[in-house]
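Open the model in your viewer and keep the sequence panel beside it. The stops below say what to select and what to look for.

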Amino acid sequence: MSELHDPADNTPQESVPERSAAYIALRTAFILLAFTLVFTALMASVYYLTAPRVTANAEAEKLRLIAVVLTPSRDGLKTFYNNHLLNDAITLPPTGALGTTENTLLYRARKNGQPVALVFEAVAPDGYAGKINLLLAVAHNGELLALRVTQHKETPGLGDYIDPKKDRNKTHPWISQFDHIGFDRVPVEKWRVKKEGGHFDQMAGATISARAVTNASGKALAWVNQHRDTLFALSSGAQYQPTATPAREHAQTLRSQP
Amino acid sequence: MNNIAKNGLWQQNPLLVQLLGLCPLLAISTSLVNAVSLSLATILVMMLANLAIASLRALIPYEIRIPVFVLIIAALVTMVDLAFNAFLHDLYVVLGIFIPLIVTNCIVLARVEAFAAKNGLAAATLDGTMMGVGFLWVIALIGGVRELIGQGTLFSGIEMIFPSLTHIQLLPADYPGFLIMMLPPGAFFTLGLLIAGRNWLAARTKQKLPNQHLEAAPSTEKTPTVAA
């Protein structure tokens with residue numbers, strides 16, 4: 001291969017005529033600056049070219065996930081709601097009962113203007129490997145419609161069955177226990193995994209992941225049911241203001257824990 | 001040309017001989033589908049990086065070549081990341097955080113510095129591609145082995161790329177799984193066995209060559225050069 005050069009060739013090729021150190025430093029800096037500018041411009045143009053599609057994809061992804069929690073296959077509830085969900089959202093501040101530590105969005109599903117369901121995020125802080133992010137849909141009658149794990153770091157092959165994509169039981173994944181269930185069927189004190197005397201199954205050997213999801217969903221459901229009317233009444237784009245001070249609310253959450 | 005391909009695939013294989021790119025190996029070789037999809041993105045980046053640097057090498061002062069290489073590689077990865085997000089969104093969801101991490105794969109910088117900075121455009125592009133393919137087959141093999149022993153399946157997660165396909169259950173459905181193969185040590189075990197196998201093959205080939213019988217003693221066996 002004639003093009004292959006000896007590695008020793010890679011030394012500075014021509015000896016630069018005597019120049020001051022400052023000149024060389026400046027020249028090098030300008031070359032580096034030029035490269036930076038050119039490649040930043042390239043990245044910026046790719047960004048602007050792809051931005052509309054990226055946003056559309058992110059929205060589609062969000063809607064797809066919302067559709068999963070909002071219209072469980074049971075009744076073919078395609079006409080369950082008819083408002084533009086992503087436009088009918090309010091901002092929730094960090095809320096102790098939801099386990100959130102930053103602002104999250106809460107979407108409100110309505111049918112012909114009548115409130116139908118709330119879709120919102122919650123965080124289980126006590127997974128086996130850190131936080132587990134959840135997406136929940138709660139019907140206007142206080143029933144949990146469905147629950148999905150959106151992000152987690154549980155052990156692959158062991159604790160990750162909380163995500164139905166990874167659950168080996170494809171017909172009745174573990175998470176489907178939470179479909180269409182409310183405090184009328186499972187009272188608050190039974191909203192635990194079976195190992196702790198509660199209602200929900202867990203997989204042997206990986207109780208921590210199941211317990212984290214179960215407890216977080218129970219707390220989130222209780223909180224949303226308590227504030228449902230306020231949440232539906234707020235105008236779109238508004239920020240929910242907790243009535244209690246955040247500190248007191250947090251203290252209440254702590255007390256309510258076992 | 002032939003030599004470049006041979007180097008990438010076997011003689012100087014990035015994972016088996018140069019031992020570069022170990023962090024992606026640990027992270028993404030948990031399943032065959034993950035391993036192959038991220039390697040494809042890596043091949044793309046390596047090809048583009050070698051191409052870009054081979055064509056720009058006359059403009060890059062020797063003293064600041066490393067910052068310029070890093071800048072170019074990072075910019076390329078960012079653009080590949082954006083393009084994946086826009087046009088191959090399903091795959092992007094699967095690969096998740098791993099695409100930006102291609103920047104940290106030392107094999108990309110290593111090929112740019114060792115090859116693209118000194119060679120012509122065509123040779124450099126071929127080298128990047130072949131090194132990438134060498135990375136792909138090893139990481140795919142490791143991913144397959146880990147997935148099979150770890151959870152008894154192959155191609156799990158393929159439905160996220162091709163919704164009509166599903167994974168193959170090779171071991172009995174009640175196979176309890178073998179957790180350590182899914183955790184990072186599993187990648188090291190598999191890689192270690194593969195390196196041992198490659199060295200054994202290399203030593204045997206050497207022994208068979210009549211002219212090199214002097215080098216065939218076990219004490220002179222070629223061991224991989226550890227870098228990274």
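Select chain A and read along its sequence: the pattern is α-β-β-β-β-β-α-α. That amounts to 3 helices and 5 strands, where helices (H or I, at least four residues) and strands (E, at least two) are DSSP runs numbered from the N terminus. This is a predicted model, in which local features need pLDDT of at least 70 and side-chain atom pairs count only at pLDDT 80 or more, while totals for chains, interfaces and linings use all residues. Residues are numbered from 1 along each chain as its sequence is written, and chains are lettered from A and ligands numbered from 1 in the order in which they are written.

Stay with chain A and colour by burial. Of its 258 residues, 26% are buried (20 or more other C-beta atoms within 10 Å of the residue's own, with C-beta atoms placed from the backbone).

Next, select residues 89–92 and 104–111 of chain A. These are strand 1 and strand 2, which pair in the antiparallel sense over 4 bridges; pairing requires that DSSP finds at least two bridges between the strands. A:Ala89 has A:Tyr107 in strand 2 as its bridge partner.

Strands 2 and 3 of chain A form a hairpin with 2 residues between them. In that turn, A:Asn112 has a positive phi of about 50 degrees.

Which residue takes a positive phi just after helix 7 of chain B? Select B:Gly152, where phi is about 75 degrees.

Terms used
Buried ≥ 20, exposed ≤ 12 C-beta atoms within 10 Å, placed from the backbone.
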